[in-house]
Amino acid sequence: MAELKLKSVEKTYGNGFKAVHGIDLDVAEGEFMVLVGPSGCAKSTTLRMIAGLETITGGEIQIGDNVVNDLVPGKRGIAMVFQNYALYPHMKVRKNLSFGLKLKREPKEKIASSTAEVSGILEIEELLDRLPKQLSGGQAQRVALGRALIKQPEVFLFDEPLSNLDAKLRASMRVRITDLHKRLRDEGRPATVVYVTHDQVEAMTMGDRICVMKDGHIMQVADPETLYDRPANAFVAGFIGMPEMNLVPSVLTQGEGITLTLDGQSVRITEGLDGRVDVLEGPVTLGIRPQHLEVLPEAETNTFSAEITNLEFMGHEIVLHARVGTANFVAVIPSERFNKALKRGDRVGLRPIGSHIHLFDADSGESRSLASD
């Protein structure tokens, strides 16, 4: 395995559209790196440039000690798993797995032993004599994974490999892929992985680190916990987490603690700040996760008075939607703590928990709270 480095990598198409804007990214040997972002953020384009399926128009891609800008995909030491599996339909599973080794003219004994090892690891021995059309989606994805694994590449590349599976099977395959990555690491065969997805649940549960992208720019690279607790900007804060973070235009004043004002209502926060605030007074974007928003009786002092606009019963929790003036909030409440008498149209008090408040610059969106350091 090898480390992967992207240095000032750019992609500009013939019509002048610039899809990737000089990004820098280091992926350590044996690391599981996830590229995540909304549709059109250039995460798949970036992966295809690493693979050699897209030419780069600026910068440098390095795999191990080799700059691979001008190398064809087959010479880069990579193996790719696609969204649509890309299995050879006329070949049985055994031949699909071994075909790459046959092209490299590996000895028959090595091909047989490698096929047996990989099929055992992925528990697909009983599928070896089936054609791809005889496989379920999950089975086909395991075969595609095995075809990449058998090559023992420098870097594994995954392009939204689970998006065609149903929710239950996606969850199962997430566990299978991450378990395989950990197993190879424990056996001294660390696998360097770059995994593209639009699904933040996949990103948060699978990645050692996550690279959040937007419009061809990297917004933040960090481990899942850091992205969730200390987002670098409002975009990352709103993209990571379910339900997404409440991001509300507010006005901040400082005194004893801080006071946040929106639509003529003010709440003063004096506890849980611990000197975290590093922001000038004036317009800010308040960020608070739904799980960190207290829902209190409207008569409670020092709260935002809010009208309930919707209630969603999720079993173990209630998702409450409420409006403060023109601002919309979402709060998540454990079912056992929810006042079942509340209904749409009722009014409640909302108060952000001070230790979980995020503050972002109103113009740039960059974090202005020491919580992000």
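**Questions about a predicted model**

Q: What is the relative accessible area of E154, a partly exposed residue?
A: In this predicted model, local features need pLDDT of at least 70 and side-chain atom pairs pLDDT 80 or more, while totals for chains, interfaces and linings use all residues. Residues are numbered from 1 along each chain as its sequence is written, and side-chain values use heavy atoms, leaving out hydrogens and water. E154 sits in the loop between α4 (137–149) and β7 (155–159). Buried means under 20% relative accessible area, exposed over 50% and partly exposed in between (1.4 Å probe, protein chains only), and E154 is partly exposed because its value is 32%.

Q: Which residues gather with E154 in a patch of negative charge?
A: Patch members have over 30% relative accessible area and no salt bridge (Lys or Arg nitrogen within 4 Å of an Asp or Glu carboxyl oxygen), with like charges joined within 9 Å. On the surface, E154 is gathered with E3, E29 and D65.

Q: Is S305 buried or exposed?
A: S305 lies in strand β16 (residues 304–313); strands are DSSP E runs of at least two residues, helices H or I runs of at least four. Its side chain makes a polar contact (N or O atoms within 3.5 Å, donor to acceptor) of 3.2 Å with that of R347. With a relative accessibility of 15%, S305 is buried.

Q: Why is helix α1 (residues 43–51) largely enclosed by the rest of the structure?
A: Among its buried residues are L47, M49 and I50. After α1 comes G52, with a positive phi near 90°. The helix is largely enclosed because its buried residues number seven of the nine.

Notes:
Patch = residues over 30% accessible without salt bridge, like charges linked within 9 Å, V, L, I, M, F, W, Y side chains within 5 Å. Areas by Shrake-Rupley, 256 points an atom, 1.4 Å probe, with all protein chains shown as cover. Salt bridge = Lys/Arg side-chain N within 4 Å of Asp/Glu carboxyl O. Lys, Arg positive; Asp, Glu negative; His and termini not counted. Charge placed at Lys NZ, Arg CZ, Asp CG, Glu CD.
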